[in-house]
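I opened a new page for this structure. My notes follow in the order I looked things up.

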Amino acid sequence: MSDDSETYRGICYCGACSVSTAGEPMVMAYCHCHSCRKWHSAPVNAWCLWSVDNVSLSGPTVHSDKNDESHRVSCGKCGGALVNIKPGKDIVAVYAMSLAESGLSFEPAFHIFYGERVFDMADGLPKWKTVPTSFGGDGAAVTEPDKTGWISLNTRAEG
């Protein structure tokens, strides 16, 4: 791990595993993709992105091999989600709630995969149907909803 001055440390649900980061995150955001929703069993995922060199894990971990784009890592004891390693991109998404008691101030910049959402968030942040062009996406934006709350999956308009 790099020797940046600011560090954040978080633990899993049972405390058997920890994640440590060095320096400030590259970006913080929300993800609404189906995979994140299933992984976290939640309507949205809050994450912070660091260089792979600025993240370290300790404890008994389990690595998901479901796909080549995301290697999700959880605690081998309690199953608590820790990070999402992005192979070939040298970045790691650390789940913001893992670092909630570390002093990190979660300040999201945007929403990704908002076109797959099940929960509207009227927060004034940019909402990308998939991902912004800076992340390799098409940059298609989604209009800000009128209010925050659950949406009906049966009547959901695309985007």
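**Aromatic rings**

I started with phenylalanine 135, which has 33% relative accessibility and so counts as partly exposed. The cut-offs put buried under 20% and exposed over 50%. I kept in mind that this is a predicted model.

Next I looked up tryptophan 47. Its relative accessibility is 5%, so I noted it as buried.

I then searched the whole structure for aromatic pairs and got 6. Tryptophan 47 and phenylalanine 135 are one of these pairs: their ring centres are 6.4 Å apart and their planes meet at 55°, so I filed the pair as tilted. I checked where the two residues lie. Tryptophan 47 is in strand 4 (residues 45-51), and phenylalanine 135 is in the loop between strand 11 (119-120) and strand 12 (149-150). The pair therefore ties together parts that are 88 residues apart in sequence. I also found that Trp47 and Phe135 belong to one aromatic cluster with Phe110.

Which kind of aromatic pair do phenylalanine 119 and tryptophan 150 form? I found an edge-to-face pair, with 5.2 Å from centre to centre and 80° between the planes. Phenylalanine 119 belongs to strand 11 and tryptophan 150 to strand 12, so this pair links parts 31 residues apart in sequence. Is tryptophan 150 buried or exposed? At 62% relative accessibility, I counted tryptophan 150 as exposed.

The charged end of lysine 127 sits over the ring of tyrosine 114, 5.7 Å from the ring centre.

I traced an open sheet of 7 strands, in the order 6-7-8-9-4-3-10, with mixed pairing. Its edge strands are strand 6 (61-63) and strand 10 (111-112), and each of them pairs on one side only.

Strand 3 (residues 27-31) pairs with strand 10 in the parallel sense, over 2 bridges. What is the bridge partner of cysteine 31 in strand 10? I read off isoleucine 112. As a reminder to myself, strands of a sheet pair through backbone hydrogen bonds.

**Confidence**

Last, I looked up the pLDDT. The protein chain has a mean of 91, and 92% of its residues reach 70 or more. Among the elements of the protein chain, strand 10 has the highest mean, 98. Helix 1 (residues 34-40) has the lowest, 92.

Terms used
Residues numbered from 1 in each chain as written. Predicted model: local features only at pLDDT ≥ 70, side-chain atom pairs only at ≥ 80, totals over all residues. Heavy atoms only, no water. Pairing = 2+ DSSP bridges. Helix = DSSP H or I, 4+ residues; strand = E, 2+ residues; numbered from the N terminus. pLDDT = per-residue confidence, 0-100. Phe/Tyr/Trp six-rings, centres within 6.5 Å; stacked < 30°, edge-to-face > 60°. Buried < 20%, exposed > 50% of the residue type's maximum accessible area, 1.4 Å probe, protein only. Lys NZ or Arg CZ within 6 Å of the ring centre and 35° of its normal.
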